[in-house]
Amino acid sequence: MLFRRPPDIQPSEITDRDLYLNRRKFLAAAGVTLGAALVGESLLAAPSAFPNLRKSPLSASESPNSPRDVTTYNNFYEFGTDKADPAQNAHTLVTRPWTVRIDGEVKRAQSVDVETLMRWSPPEERIYRLRCVEAWSMVIPWVGLPLAAIIKHAEPTSRAKYVEFTTLNDPKQMPGQRSRVLEWPYVEGLRLDEVMHPLAILAVGLYGDILPNQNGAPLRLVVPWKYGFKSVKSIVRIRLVEQQPVNTWNRAAPNEYGFYANVNPAVDHPRWSQAKERRLGEFTKRPTLPFNGYAEQVASLYSGMDLRKFY
Amino acid sequence: MKSLFAFKAALFALCLAPLAQLVFFAFTDRLGANPIEFVLRSLGTWTLTLLLVTLSITPLRRLTGWNSLIRVRRLLGLFAFFYACLHFLTYAGVDQSFDLSAILADVVKRPYITIGFTCFVLLIPLAATSTNAMQRRLGGKRWQQLHRLIYLIAAGGVVHYLWLVKKDITQPVLYGLVLAVLLGIRFAWRRRVPAAQAAVSRPPG
C-alpha cells in the first residue's frame, strides 16, 4: 500500500535550482551570444510567461523551497486526497480558456478571463511563507495579482462585507470530485478588509512560470497569514456578499476548521498542536509565528477579536 | 522440519522488506517532499498490517488444516512489535526530537496519540513473554489470557489511524474491516464450538 510508483522524472534529471532560478540570465546570455551570431536578429525578446516581472517589497527574504517540494506535495482533494495525487492527476484540468464570474454586491458584475485580470492588476513576484493547518510549511515564489485592484475594478456596493470564492465543479476534469470526501464545489471566504489587504493575491504563476495545474491553475487565492486551506484553487467565481460565507472545511468539521483560520501557535487544532511546524527540507521543527510571521502587517485587522473564539 | 526452517527464513526476510524499501528510498531520494512523515506513516501502516497478519494465523490454520502455521505466529508478532518500536522511535526521536514535554503533551492531549501510545506500551509485555521459557513460567492458560490483549491492541491501532486522518478514512476503514473479519470468524467459531465438539464425539453412524 505504500509501495509508491517512483516519480517519472528523477530529481537528478531536474535542473539545478540555482540554474533554474537564474534561467533568465542564462537565456539572456545565450540570446546575446546567438543574437551576435545571427546578424540583426535578437533573441532577447524570447517569449516568457511573465516578462518584466516586478519584485515586491512584500516578499519574504527566506529562500524558496525547491520546485519539486512545491509541485509534488499538494493538498488539492479535487485530484485525490494523497499529497502526491494532484501532481499525478491534475493534467486533466483545462485551464484555457478560463473565465471568472465576478458578481454579487458589485456595481459591475461581469465574467472575465485571466488575461483581463492581469491587465487590471499586473503580476508581481511574491515570495511567501505557506503554513498548512497540518503543521508543515514551505516558502513559495508566487507570481500573483494584488487582489485589491481586481475587487476595486468590480466596484463593491456598500452592502458587500465578505467575498466568497468558488472552485470549478467538474468531475470530468477533477476526478477527485467523484468522491464525496468534501462537499463540492470547494468554497472559501474572506472578510472584505482581508481581501483588500496588500498581501492578498490571486496567484497565476510559480517560479516565474505559469502556475502548474496541481497548484491551483489558472488562478488561486493566496493569503499568507492564514492556513493553506483558505487559499482556494482554480477559482471560477468571486462573489461579494453581505453574510459571512460558509467555507468548505468549516462545513466538514466546524470544531476543527474555522472561518478565519489565521495561523496561530497559541490555538491548537483539536487533534494536533500548532505551536511548531516542519518547514519542508528541514529536519527539526521550527516554532510557528503568529499570523505566519505577518503579524506586523495584518494583526490590526483583528484587534479586539478573541482569536480563540474566531479560530 | 527443514522445510519449516526454510519457510521461517523466507518469512523473516519478507518481514524485513518494508524496512529495506524505506532504506532504499532514503538513499535514492524517493521519500518525497516530507520524508519524515512518509517514514512515520509507512512504519505505522506496516505495524498495523503485521498485527493483522499475526491475527490471521489462527483462522488460516483452521481453514487450511496446516497446523505448522502456528510456528510462525511468534515471528510475525515480534515483527509487528519491531515496526511499532521503529514507528514510536521515529515519532519521538525524529519528528519530536525527543522533546519529552512535547511528547507528554501529545500523549495526554491528542486522543489518537493517547491510544497509539497505549497500544505500544501494551505490546511490550506481549513481546517480553514471547519466549518458550516465559510461556512455561506463566502457564498456558495465563499466557493465553495475557496475549488476548492483542485483540484490543489491534483495535486500538485501527482507531489510532482513524482518528489521525483528516477526512479521507478509506485506508483506516479497510484495516478495520479486515480486523472485523478476523475477530468475527473467531466469535462465530467460538459459538459453534460446543455443537462441533458434540458432533465429533458422536460415533459415526
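Reader: At what angle do H5(B) and helix H8 of chain B pack, and how far apart are their axes?

Author: This is a predicted model. In it, H5(B) and H8(B), residues 149-164, pack at about 155 degrees. Their axes lie 8 Å apart.

Reader: Why are H5(B) and H8(B) called roughly antiparallel?

Author: Set the value against the cut-off. The angle is about 155 degrees. Angles over 145 count as roughly antiparallel. Therefore H5(B) and H8(B) get that label. The crossing of H5(B) past H8(B) is left-handed.

Reader: Which residues make the contact between H5(B) and H8(B)?

Author: From H5(B), they include B:Tyr112, B:Ile115, B:Cys119 and B:Leu122. From H8(B), they include B:Ile153, B:Gly156, B:His160 and B:Trp163. By class, this contact has 13 nonpolar, five polar and no charged residues.

Reader: At what angle do H3(B) and H5(B) pack?

Author: H3(B) covers residues 73-95 and H5(B) covers residues 111-128. They pack at about 140 degrees, with axes 10 Å apart. Roughly antiparallel needs an angle over 145. H3(B) passes H5(B) in a left-handed crossing.

Reader: Which residues of H3(B) and H5(B) meet, and what are their classes?

Author: B:Leu78, B:Phe81, B:Ala84 and B:Phe88 of H3(B) meet B:Phe120, B:Leu123 and B:Ala127 of H5(B). That gives seven nonpolar, no polar and no charged residues.

Reader: Now chain A. How do you know that S1(A) and S2(A) pair?

Author: Count the bridges. Pairing needs at least two. S1(A), residues 99-104, and S2(A), residues 110-113, have four, so they pair. The sense is antiparallel. A:Val100 has A:Val112 in S2(A) as its bridge partner. The two strands form a hairpin, with five residues between them.

Reader: How many residues of chain A are in contact with chain B?

Author: 19 residues of chain A are in contact with 14 of chain B. Helix H3 of chain A, residues 67-72, gives the largest share of the chain A side, three residues. That side has twelve nonpolar, three polar and four charged residues.

Note on methods
Residues numbered from 1 in each chain as written. Chains lettered and ligands numbered in written order. Predicted model: local features only at pLDDT ≥ 70, side-chain atom pairs only at ≥ 80, totals over all residues. Axes fitted to C-alpha atoms, helices over the stretch in contact; angles between N-to-C directions. Left-handed = near helix turned anticlockwise from the far one by under 90°. Contact = placed C-beta atoms within 7 Å. Nonpolar A, V, L, I, M, F, W, Y, C, P; charged D, E, K, R; others polar. Parallel < 35°, antiparallel > 145°, perpendicular 65-115°, else oblique.
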